[in-house]
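We will go stop by stop.

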Amino acid sequence: MNNLTNQQKGSLLAFIAVMLITPDSLLIRLSNIETWGMLFYRGAIPFILVLLGLLIFYNKNFLNALFNVGYTGIFYTISFAICNITFLVSIQNTNVANTLVMVAMAPMISAILGGIFLKEVPDKKTWVAILITFFSAIYIFYDSIQLGNIFGDFMGLVTATGLAVNAVLVRSAKDRDLLPSAVLGKFCVAIFAFFFVESFDLVGNDMIYIPLMCILCVAIPFVLVTIAPRFIPAEEVNLFFLLETIIGPIWVWMIIKEQPSIETIQGGIVIILTIAIHSFLKLKKS
């Protein structure tokens, strides 16, 4: 890793993280545990694992690292916890494809927030891409109103906004390690869900699916996604989530035959192509 440029480090971390996340939606669908129980485990297991890792890494300096996150770290904890909750709620209330298409809007939201708070003002091409993805999302929302999935889609949009906020916050605090804030975010998720859990029992295949999901698709990726924006711009990190938008629904379709609507496919293609072309033009320019 020491021989890689910052661009290569950030891109590699984001790529590995998103590839690990791609089966997440499928494992959520395959699990039989109720929503709040699943949310509790998705908070508690990653919290314990990553906390142990940080305690080993920082040793006696862990508390110093925790208090060093500042106000940025506090906002990161809140935003991180919210988008963890809304992602699961979205998956449970709409098609997987709808949720992931909404998440695909995170790069454009990052560009807007980066322009406002980091003075990384989007150029004309970015604004065109933002408008196209916005109207494509409205198109998908209109379809969801007819199907009764509007709440799930809205939660997906909140998740995308949370991811964008997270990436911008990490980008704005490159001199600090915000992993302790992310760990606290997971703790907050577990505590919040705890009060609504009906049963903590893991029965049958859930004894495999839940730990696998929490370690492979949640704990490891969230560490990598928290580190990646220290090396590359926030919107570039979120661009890698396009891979999840494409691969995630394929996993679900192959295993449990859940098919998205024609409108979701059409709107999703427009969003993905728009962001992919925009990304290519930016990289070519740079």
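Start with helix 10. Select its buried residues: Leu-179, Pro-180, Ser-181, Ala-182, Val-183, Gly-185, Lys-186, Val-189, Ala-190 and Ala-193. Buried means under 20% relative accessible area, exposed over 50%, partly exposed in between, with a 1.4 Å probe and protein chains only. Helices are DSSP runs (H or I, at least four residues), numbered from the N terminus.

A word on the ground rules. This is a predicted model, in which local features need pLDDT of at least 70 and side-chain atom pairs count only at pLDDT 80 or more, while totals for chains, interfaces and linings use all residues. Residues are numbered from 1 along each chain as its sequence is written, and side-chain values use heavy atoms, with hydrogens and water left out.

Contact means heavy atoms within 4.5 Å.

Check the length of helix 10. The end C-alpha atoms of residues 179–194 are 23 Å apart, which agrees with the 22 Å that its 16 residues should span at 1.5 Å a residue. The expected span is 1.5 Å times one less than the number of residues.

Next, pick the cysteines. How many disulfides does a search of the whole structure find? It finds 0; a disulfide is a pair of cysteine sulfur atoms within 2.5 Å. For Cys-188, the nearest cysteine sulfur is that of Cys-83, 12 Å away. Cys-188 counts as partly exposed, because its relative accessibility is 38%. For Cys-214, the nearest cysteine sulfur is that of Cys-217, 9.0 Å away. Cys-214 counts as buried, at 0%.

Move to Ser-25, in helix 2 (residues 24–30). Ser-25 is buried, with a relative accessible area of 0%. Leaving aside neighbours within four places in sequence, Ser-25 is in contact with Phe-87, Ile-91, Val-96, Leu-100, Glu-244 and Val-252.

Last stop: the second largest pocket, with a volume of about 200 Å³. Select its lining: Ala-97, Val-101, Thr-245, Ile-246, Pro-249, Pro-260, Thr-264, Ile-265, Gly-268, Ile-269 and Ile-272. A pocket is an open set of points on a 1 Å grid over the protein atoms alone where a 1.4 Å probe fits, with protein on both sides within 12 Å along at least five of seven lines; lining residues have an atom within 4 Å of a point. Helix 14 gives the most to this lining, with 5 residues. Color by class: the lining has 8 nonpolar, 3 polar and no charged residues.

How values were computed: Points joined across faces, edges and corners; volume = space filled by probe spheres on them. Helix = DSSP H or I, 4+ residues; strand = E, 2+ residues; numbered from the N terminus. Nonpolar A, V, L, I, M, F, W, Y, C, P; charged D, E, K, R; others polar.
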